[in-house]
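Me: I am new to this structure. Can you walk me through how to read its features?

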Amino acid sequence: MTRYLLKRLAGAALVLLVLSVLVYGLFYLLPGDPARLACGERCNPQQIAQVREQLGLNDGVLVQYLHFLQGVVTGRDYSTGTALTHCDAPCLGLSYQNDQQVTQLILERLPATASLALGAMVIWLVVGVGTGLLSALRRGGLTERTLTVVTLAGTGTPVFILGLLLLMVVCAYLQWLPFPTYVPLGEDPEQWAWNMLLPWLTLGFFESAKYARMTRSSTLETLAEDHIRTFRAYGVGERAVVTRHALRGAVPPVIALSALDLGTMFGGAVLTESLFGIPGLGKTLIDSVRHIDLPVVVGVVLLMGVAVVVANVVADLLYALADRRVALT
């Protein structure tokens with residue numbers, strides 16, 4: 001296990017290094033003048049030149065990238081013109097919009113994204129796995145056909161369309177809930193939960209369709225194996241066959257996919273956060289792209305990469321724990 005983890009960590013470090021090169025090159029080498037963006041439209045050429053010097057944009061591209069890596073590893077000092085600001089490692093730079101450290105900004109927005117991702121995961125696991133299992137056990141009947149139609153509808157409906165429908169029906173037409181306004185968990189847990197309910201349902205239902213189809217196919221494949229027929233031939237009850245044996249083959253793929261999806265969600269559920277006004281990483285990324293706030297864009301994209309890499313490692317470990325036939329190499 002230790003050897004496997006060390007091997008995966010080394011591979012993850014290499015992936016993140018390559019990702020940083022690609023992201024840095026993509027966003028920092030695009031046409032445009034970051035100094036003008038940081039200074040504002042009313043700045044004269046002298047002020048823009050001063051800002052360019054403060055941001056280190058007069059250095060070569062390689063030197064800028066090495067300074068970026070230095071900030072990530074050991075921290076970095078930034079000049080604001082009148083004072084020197086130290087950015088502790090891992091330093092991802094300063095936002096062009098408000099001179100806020102990108103790492104601090106990400107940490108402020110991460111709880112909102114985490115609460116959205118974790119709540120939606122509970123829904124997509126309960127609804128998706130339950131629907132897929134029921135569909136497999138009722139194969140050929142009306143229940144399976146109905147659940148198949150619902151699953152296909154969920155798969156083919158874009159998440160923003162589903163969110164808009166929920167807002168129109170639940171908030172505008174039925175008036176069961178007010179229009180969601182994000183409230184931090186620490187301020188009012190009850191209001192936080194009520195305002196997160198529709199985003200959870202939107203993202204959870206959208207993802208649950210995928211899990212329903214996977215659970216159904218995995219369960220049917222497991223139920224068709226020889227050892228399941230042997231258990232039934234020896235008189236083992238159907239309930240025991242399903243809960244003790246069939247689910248063992250259906251659960252590992254769901255666990256692995258859940259870890260990967262959760263890692264992706266921690267990078268920001270862009271459409272859901274933008275639709276419901278949740279101040280998470282997805283909405284931050286969209287706003288930063290709109291204002292061409294390059295350090296924030298780079299920081300959020302790198303965080304997405306870290307989340308996906310970590311999720312891959314966790315998914316492999318959970319898969320091996322759920323299925324002892326899988327060897328970690």
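Me: Where does P90 lie?
Reply: Start with the elements on either side. P90 sits in the loop between β2 (84-87) and α5 (102-137). Keep in mind that this is a predicted model.

Me: Which residues does the cis peptide bond join?
Reply: Look at omega. The bond between A89 and P90 is cis, with omega about -5°.

Me: Which loop holds Q175?
Reply: The loop between α7 (159-173) and α8. Q175 is not a glycine, yet its phi is positive, about 55°.

Me: Is Q175 buried or exposed?
Reply: Compare the relative accessible area with the cut-off. Exposed means over 50%. Q175 has 62%, so it is exposed.

Me: And T272, is it buried or exposed?
Reply: Buried means under 20% relative accessible area. T272 has 3% relative accessibility, so it counts as buried. Its place is in helix α11 (residues 270-276).

Me: Which residues does T272 touch?
Reply: Leave out residues up to four places away in sequence. Then T272 touches L116, V159, P199 and L203.

Me: How do I read a pair of helices, such as α6 and α8?
Reply: Take the axes, then the angle. Helix α6 covers residues 142-156, and helix α8 covers residues 189-223. Their axes come within 8 Å and cross at roughly 135°. That angle makes α6 oblique to α8. The crossing is left-handed.

Me: Which residues make the contact between α6 and α8?
Reply: Read each side in turn. From α6 come E144, V150, T151, G154 and T155. From α8 come F205, F206, A209, A212, R213 and R216. Sorted by class, the contact has 5 nonpolar, 3 polar and 3 charged residues.

Me: Now the whole chain. How many helices and strands does it have?
Reply: The protein chain has 13 helices and 2 strands. The C-alpha atoms fill roughly 85 × 55 × 35 Å.

Me: What share of the residues is buried?
Reply: Buried residues make up 40% of the 329 residues in the protein chain.

Methods:
Residues are numbered from 1 along each chain as its sequence is written. This is a predicted model: local features need pLDDT of at least 70, side-chain atom pairs count only at pLDDT 80 or more; totals for chains, interfaces and linings use all residues. Side-chain values use heavy atoms; hydrogens and water are left out. Axes are lines fitted to C-alpha atoms, for helices over the stretch in contact, and angles run from 0 to 180 degrees between N-to-C directions. Helices (H or I, at least four residues) and strands (E, at least two) are DSSP runs, numbered from the N terminus. Angles under 35 degrees count as roughly parallel, over 145 as roughly antiparallel, 65 to 115 as roughly perpendicular and the rest as oblique. A crossing is left-handed if the near helix is turned anticlockwise from the far one by less than a right angle, and right-handed if clockwise. Contact means heavy atoms within 4.5 Å. Ala, Val, Leu, Ile, Met, Phe, Trp, Tyr, Cys and Pro count as nonpolar, Asp, Glu, Lys and Arg as charged, and the others, Gly among them, as polar. Buried means under 20% relative accessible area, exposed over 50%, partly exposed in between (1.4 Å probe, protein chains only).
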